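I opened my notebook to look up how this chain is packed inside. I start with the core and then turn to the sheet.

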Amino acid sequence: MTTSSAVLPDTPLHVGQVTAPGAEWLASAAACPSGALWAWRTQPTAPAALPCGTVFDVVNVPAVFGRRMLDRLWEEGPGSGPAAVHRGRMLFFAAPGAAQRLPSLLRWEAWGDSVPPLICHGAGDAVTVPPLTPADPAGPRWLVAPDTRHPWLPGPEVLVWAAVRAVRTACADEVRVSIFPPADQDAKVYDVSRRR
């Protein structure tokens, strides 16, 4: 599926707003899931802090690079789990354990040194998740909102794959090599096909 790099469409693959089952999934990460759901019912435009490590991990990347990763995941890969933007960064919700394993996998990759610094949130960490209903278009918001009680979450291998593809795509866009010299606009062209 091809997506625009400006906006992800609202399709079954890209849900812009959190659904009730998606909210239940998010709340299941909280110490008191019913309290988290109650807080969202009373203030759906408020962000929330949720712990990582049991229900999900979060990989936090610079927004532009994260956009490239998200495009690679949807255009060439398996898609993504929930993804959000917050304070100039993109948050990829990943399978528990991904935060611990991802840095070591990147060290083994040939292109790993070209990946911008990633912040991996796992067991013992907490992240601020966007509100269920966005109040400010410039504030934290979901790009791919959780829409099921058990969303698919990428593992560390999938995130490494997306990061390496994003780096390689960016490098290919910057370097355009041609074996032909630029055409001389003032050159005279003769038809030599009729010469003997």
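I looked up the largest nonpolar core first, and it has 26 residues. F65, M69, L70, M90, F92 and L159 have the most contacts inside it. I noted the term: a nonpolar core is a set of buried Ala, Val, Leu, Ile, Met, Phe, Trp, Tyr and Cys residues joined through side-chain atoms within 4.5 Å. Buried means under 20% relative accessible area with a 1.4 Å probe, protein chains only.

This is a predicted model; local features need pLDDT of at least 70, side-chain atom pairs count only at pLDDT 80 or more, and totals for chains, interfaces and linings use all residues. Residues are numbered from 1 along each chain as its sequence is written, and side-chain values use heavy atoms, without hydrogens and water.

Which element gives the most to this core? I found α5, with seven residues. Helices (H or I, at least four residues) and strands (E, at least two) are DSSP runs, numbered from the N terminus.

Next I checked F92. Its contacts (heavy atoms within 4.5 Å) include V59, G66, L70 and L159, not counting residues up to four places away in sequence. I also noted a second, separate core of 25 residues, with A27 and C52 among them.

Then I traced the open sheet: five strands in the order β5-β2-β4-β3-β7, with antiparallel pairing. Strands pair if DSSP finds at least two bridges between them. β5 (119-121) and β7 stand at the edges with a single partner strand each, so one side of each has no neighbour in the sheet. β3 and β7 pair over three bridges. V85 has R141 in β7 as its bridge partner.

Notes
Buried means under 20% relative accessible area, exposed over 50%, partly exposed in between (1.4 Å probe, protein chains only).
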